[in-house]
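Q: Please take a close look at one part of this model and describe how its residues are placed and paired. A connected account of the contacts would be welcome.

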Amino acid sequence: MSKRALITGITGQDGAYLAKLLLDKDYTVYGSYRRSSTPNFWRLQYLDVHNRVHLLTAELNDSSSLIDTIRVSRPDEIYHLAAQSFPGASFEHPVGYGEITGLGLTRLLEAVRSINKDIRVYQASTIELFGQGNTKPLTEDTPFNPANPYAVAKLYAHWIANIYRAGYGIFICNGIMFNHESPLRGLDFVTRKISNAVARISLGLDNELAMGNIEAKRDWGYAPEYVNAMWRMLQQKEPDDYIIATNEMHTVKQFLQQAFSIVGLDWSKYVKVNKELLRPVDVNFWQGDYARAKTKLGWQPEVKFERLVEIMVHEDVKRWESWLKGVALPWDGYNYISK
Ligand code: NAP
């Protein structure tokens, strides 16, 4: 009998790639999303899985909706990806981030505890837990030191996951994921902001890109590979926490250089650094060490920095070219035409 999975946040980048991966593995896939007046299913349509998943509405601040979702979907595995997920914006909505990104998991785990304690749970934990002050590659044993309200909310969720694992015997894994990107990444995130702007500039639709901290260093991986690691975690005998990273680090400036060079342009002619875009607190060093994931999960990244930038820029150029020809696409770019 095929396994059943529930993905919270199925409309997001990871939710869409994970839905595809699980469908390819013959899972019956349920996905929860928050109801809005304008449906947001473009990523599922882009991957051609929209009609193959069962969609249910759930709000992370509404326990009864989470209980209903679990009752209806009867999952063997829950992948908890839903969250307010943008660190920069968390300074503007710190309470909301705590409610949704932090407490949302507790509501979900209470529902699991009362309905079926055998359900396996994946929690989308994050590199942001480590925050500032690091100079060496980060492992599962590096102390946490979060530097924004999003990271604090995720830290709460990370620890509550460990408490439900130790205290109630629930099989729950924290995937401490480093940044992972793709053409399905939200436009607020720096990589997609760059690939989208590079595409528009190369086609004459824009002539400038405003950036914040371009010296920040990040370890960027490819999202479809990272959702594979999530699935592997839930197939193990025992639950554990895992760093998922590429072990390589690049600056935002290198991302800009690489992205503009793909379309034959010099980045320095188009990029303007705008101090208003700097975060109140930022971190400059993030490099992972995925040794545990390699040993225990047999996971390692294949797509590295240059290939990742190429995939993202090529896809955004293709989208804007189609848009100029009047071809309709499942896509978010046209919402951001005016700055
Ligand atoms: P994403 O694209 O921003 O997706 C987040 C999902 O959460 C969306 O489906 C969103 O729904 C949903 N959501 C937001 N608020 C909600 C609420 N109040 N109730 C119900 N659903 C809500 O994020 P992602 O890149 O796929 O990341 C997936 C998870 O991994 C997130 O928890 C993120 O924090 C974490 N993470 C991501 C990275 C990364 O580099 N991508 C790294 C570490 C950890 P809408 O579509 O309606 O907005």
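A: Glu77 has Arg120 as its bridge partner in strand 5. The model is predicted: local features need pLDDT of at least 70 and side-chain atom pairs 80 or more, while totals for chains, interfaces and linings use all residues. Residues are numbered from 1 along each chain as its sequence is written, and side-chain values use heavy atoms, leaving out hydrogens and water.

Strand 4 covers residues 77-80, and strand 5 covers residues 120-126. Helices (H or I, at least four residues) and strands (E, at least two) are DSSP runs numbered from the N terminus. The two strands pair in the parallel sense over 4 bridges, a pairing being at least two bridges found by DSSP. Strand 1, residues 4-8, also pairs with strand 4 in the parallel sense, again over 4 bridges. In that pairing, Thr8 has His80 as its bridge partner in strand 4. The side chains of strand 4 point in two directions: Glu77 and Tyr79 one way, Ile78 and His80 the other. These four residues are buried (under 20% relative accessible area; exposed is over 50%, partly exposed in between; 1.4 Å probe, protein chains only).

A search for salt bridges (Lys or Arg side-chain nitrogen within 4 Å of an Asp or Glu carboxyl oxygen) gives a count of 16. In one of them, Asp316 meets Arg192 with the closest N and O atoms 3.0 Å apart. This pair links distant parts of the chain, since Asp316 belongs to helix 11 and Arg192 to helix 7 (residues 190-202), 124 residues apart. Asp316 and Arg192 are both buried. Salt bridges also join Arg192, Asp316, Arg319 and Asp332 into a network.

Arg307 is partly exposed, with a relative accessible area of 44%, and Glu310 is partly exposed at 30%.

Elsewhere, Asp241 and Arg165 form a salt bridge with their closest N and O atoms 3.0 Å apart. Asp241 lies in the loop between helix 8 (223-234) and strand 11 (242-244), and Arg165 in helix 6 (residues 149-168), so the pair ties together parts that are 76 residues apart in sequence. Asp241 and Arg165 are buried.

Aromatic contacts complete the picture. The whole structure contains 16 aromatic pairs (Phe, Tyr or six-membered Trp rings with centres within 6.5 Å; planes under 30 degrees apart are stacked, over 60 edge-to-face, the rest tilted). Trp220 and Phe255 have ring centres 5.2 Å apart and planes at 70 degrees, so their pair is edge-to-face. Trp220 sits in the loop between strand 9 (217-218) and strand 10 (221-222), and Phe255 in helix 9 (residues 252-262), 35 residues apart. Trp220 is buried at 4% relative accessibility, and Phe255 is buried at 0%.

Trp320 and Trp331 also form an edge-to-face pair, because their ring centres are 4.7 Å apart and their planes stand at 80 degrees. Trp320 is in helix 11 and Trp331 in the segment after helix 11, 11 residues apart. Trp320 is buried, with a relative accessible area of 0%, as is Trp331, at 3%. Ring pairs join Trp320, Trp323, Trp331 and Tyr334 into a cluster. Tyr334 is in the segment after helix 11 (305-324) and counts as partly exposed at 40% relative accessibility.
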